[in-house]
Structures are given as structure tokens and as C-alpha cells.
Amino acid sequence: MKATEVVARLEQRFPNQPEYIQAVSQVLGTIEEEYNKHPEFDRANLIERLCIPDRIIQFRVNWVDDKGNVQTNMGYRIQHNNAIGPYKGGLRFHASVNVSILKFLAFEQTFKNSLTTLPMGGAKGGSDFSPRGKSNAEVMRFCQAFMRELWNYIGPDCDVPAGDIGVGGREVGYMFGQYKALTHQFVGILTGKGQEFGGSLIRPEATGYGNVYFLQDMLATKGIDLKGKKVLVSGAGNVAQYTMEKLLQLGATPMTCSDSDGYIYDPDGIDEKKLAYIMELKNIERGRIKEYVEEYPTAKYVAGAKPWGEKADIATPCATQNEIDGEAAKTLVANGVIAVSEGANMPSTPEAVKVFQDSKILYCPGKASNAGGVAVSGLEMTQNSERLKWSREEVDEKLHSIMNSIHAECVKYGTEADGYVNYVKGANVAGFLKVAKAMMAQGIV
Ligand SMILES: NC(=O)C1=CN([C@@H]2O[C@H](COP(=O)(O)OP(=O)(O)OC[C@H]3O[C@@H](n4cnc5c(N)ncnc54)[C@H](O)[C@@H]3O)[C@@H](O)[C@H]2O)C=CC1
Ligand SMILES: O=C(O)CCC(=O)C(=O)O
């Protein structure tokens, strides 16, 4: 297998899907050597079967807004690969959603889920509907309409969606309610559910907490303590909030956070009280991050920019894909950043990744460092099947141990001759091998 040739063929078959091609070429470039040690993989054309999703479900969603107008949006579910378990992955509701973005996310999810050690295949879905600026009643009607189209393609042993950008506990609740109304079944068809109806403790916190556990493990390879470090965080949603919470618990200081309009920098650091304000602002009032500086005037708000030019020790992008480009990466390195841990999916462009790796700083791709969210989703599925609920401590301990094991796999497969850990290669090879072996064992299906 020659990675560049496979990517060129995919680009020709699937034109105008830049995010999908970006994700595939990043993975293939790093697994090529391992893949070619197994001639049986090539005989089974494993690479194309791994890169092209099993199926794409696409539908129109009709819903009625508060003014009585009928609105239409597009809905999708990409079932990428179920070699090691039922399809699993989030739903994204955002105006930018398209097939390319969901294909990249579903592809990445397959490797991520493999890394978690749990039996979950990869999927992703969503809609170009954006909850921002919509009333609760509109969000409910949209979620119900979305589930009316999706319900027949999912199930607890078939495909279990969850949240992602624009889909949190509120949206999951409305979709769960509609599934139940349509099927008369109370089953674990979604994760990230409310605590009262089958949700796992720690699922809301899991992606952010896992991101920081992974960061701690990376720093430990260099004997560095997280305590006392200043951290640039982007995003102000689920992943950013709980990344900040865990950073604070472990003695580090978040200095920034952002939304799609701009970022805030707080020279005194974002402490627990300020984080509680951000959570209230974003989760309850659904306001904009610029309001932070009205409450805390010593902070500054920078409109239309990202926080990567500010000085700190560590950066953790927790908003969206391609939010750190090559220039921003150079600035981070020049400013002395020692580690970058990705809370978001593919937030660094290929140029940025090269800058991080060439300067030999600690850098980990999201499929490893943000795997804690889907890992606890897997634990939620287990609890639903057992009809049990585990304690906070039990779930957190399992999450921590899964993140440790993902880190160990990255070190095992990613350590280079000079001792530098290439976490991109480590995560891709470890994730790939398990899926590949399962696909080989199951024949050409
Ligand atoms: N929620 C989860 O459990 C997981 C989420 N992720 C990834 O983490 C990232 C954030 O997701 P969540 O926190 O769940 O979503 P969210 O909807 O709770 O928050 C997203 C945040 O990113 C900001 N954002 C969105 N689009 C942006 C853009 N184009 N430019 C700048 N900022 C933008 C939003 O303003 C918001 O602050 C995404 O890349 C997602 O795929 C990864 C693993 C699990
Ligand atoms: O919890 C899940 O099933 C999915 C989380 C997710 O969307 C992700 O890991 O990117």
C-alpha cells in the first residue's frame, strides 16, 4: 500500500471533501509501514474498506419554527465501521455540517473507539441545524423531527449516537424522548443522557477530564508537573469547560477560552468562581464569551481571533477542527509552549502538526487525548445493559485507567529511535491494528 496513491484515488472518487481527505491522509501516512508488514491486508483490500464508510444515511428534516414557518434542514448518520462493536459516535448540530466533516469525524472515531479498549465501532452524524439563537421549543421540535428520521437506523446493539458540537444534555433528552415515543422501548440508544434516565455519572465531564489526564501522562514522560502551569484553552463548550475544571483541580491555571466570535484572556487566570460564571453563561443563559469582560473587567476580549498568540506553558484546543494553523503553531512554539493536548477533533492543521513534531514538543492528536468522552459513553452503554448505575468515583477511576492505557499504547507504537514519542503515529497504529485484525477475522463483508 502506498499512502499517497490511496489518498489520490480517494480524492478523485470523493472530490470536494477536504476534511475527510485531510484525516485519511494523516492516518495513512503513519500506518503505511505497519500495514505493509501484513501482505494479507492488501489482498483483502483492507485499506479502501477501512477508509470508505460502511454507509451514509442522509435525510431531510422538516420542523416548524416559533412563527409557524416550516423549516427544512439536512440530517446525516455516517456508519463508518463496526468491526469491533456497534457503531458509536456523536451528533453535531451546526450550520457548517456537511458530508466531508462528518466523514472525517466518523473515520477518526473508528480509531479513537478502538483505542479506548471498549467494544465500539465508529460513526458520526448530525445536521446543518444550529441550536444557537433558537428557542427551547424550536430545539425540541427539531430534535423530535431529526429522530423521526433516524430512529430506524439506530439501536443499542447497532448504532448508539451521543453529543458533539451543538448537542448536549438538552438535545439528547429530546431525541431520547422521541425515540421512546416512536418505539415504546426504553433502551440505551443514546449516551450522554440525563442522570434520571440512564445517563452515566462523569459523562458530561469525561472528555475534558480525560484530556487533562492524558496531558498529565505526557508531561510525566519528561518528569514535568502540571501544577503551576498556565494553559491556553479554546472553546467554551462542554470539552473546554471540563478541561478547565480538571486543570484547576490539578493546580494549573486556564488563561483563555473562546467561542466562534472571539476569545477572552484573563491575566489573573480563570479560577473556580469565574469558571462557574462561564458555565452559567454558556449552558443556561446561552450567551457569548465577550460578556465575561463585563463581569471581570481586568480581562480582555479579542474579537475575531484565536488565543494562540498569548503566552503560556501549554495549549489545549477544545473548539473545532483546523483552529491551529502552521503560523499559530510557530507562535505557540516560539512563546515556549511545551505541550499541546487536543480536546477537539483534528484542531491542528497538517502544517501545525509538523511544526509541533519538528520542534519535538509534546503533541497528542485528539483521537487519543479526547477519547475519554466516548470511553465513558461506552461505560454508559455497559451500565444500561446491566441496568445498574456506578458511582462517580468508580466511573472516574475507570476513565483515568483507560486514558493511562491509551497513553501507554501511544508510547508503545509511537516511540522513535531518538526517544521522541510520535503520539500521532502511536495512536494511529494502535487504533488501526485492532480494527484491521477484527476485519480480517470476519471475512469480506
Ligand atoms: N462532547 C464530547 O464528548 C466530545 C467532543 N469532542 C470535540 O470537541 C470539540 C468541542 O465539542 P463540544 O465541547 O462538545 O461542543 P460544544 O457545542 O459544547 O462547544 C463547542 C465550542 O466551540 C466553539 N466553536 C464551535 N465552532 C467554532 C468555530 N468555527 N470557531 C471557533 N469556535 C467554535 C463554540 O462556540 C463552543 O464554545 C469538537 O471538536 C468536538 O468534536 C471530542 C470528543 C468528545
Ligand atoms: O460519546 C460518544 O459516543 C461520541 C463522542 C464524540 O463524538 C467524539 O468522541 O468525538
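**Contacts, cores and a ligand shell**

Visitor: Which residues is C257 in contact with, leaving aside neighbours within four places in sequence?
Guide: They are V233, S234, G235, A236, A240, M244, Y263, I264, I270, I278 and I289. Contact means C-beta atoms, placed from the backbone, within 7 Å. This is a predicted model: local features need pLDDT of at least 70, side-chain atom pairs count only at 80 or more, and totals for chains, interfaces and linings use all residues. Residues are numbered from 1 along each chain as written, with chains lettered from A and ligands numbered from 1 in written order.

Visitor: What makes a nonpolar core?
Guide: Buried Ala, Val, Leu, Ile, Met, Phe, Trp, Tyr and Cys residues, joined through C-beta atoms within 7 Å. Buried means 20 or more other C-beta atoms within 10 Å of a residue's own, again placed from the backbone. The largest such core has 107 residues, and C257 is one of those with the most contacts inside it. That core draws at least three residues from each of domain 1 (53-185) and domain 2 (206-369). The bounds come from an automatic or database assignment.

Visitor: How far apart are the C-alpha centres of domain 1 and domain 2?
Guide: They lie 27 Å apart.

Visitor: Which residues surround ligand 2?
Guide: Among them are K88, G89, D164 and N345. Each has its C-beta atom, placed from the backbone, within 6 Å of the ligand.

Conventions. A residue is buried if 20 or more other C-beta atoms lie within 10 Å of its own, exposed if 12 or fewer, and partly exposed in between; C-beta atoms are placed from the backbone. Two residues are in contact if their C-beta atoms, placed from the backbone, lie within 7 Å.
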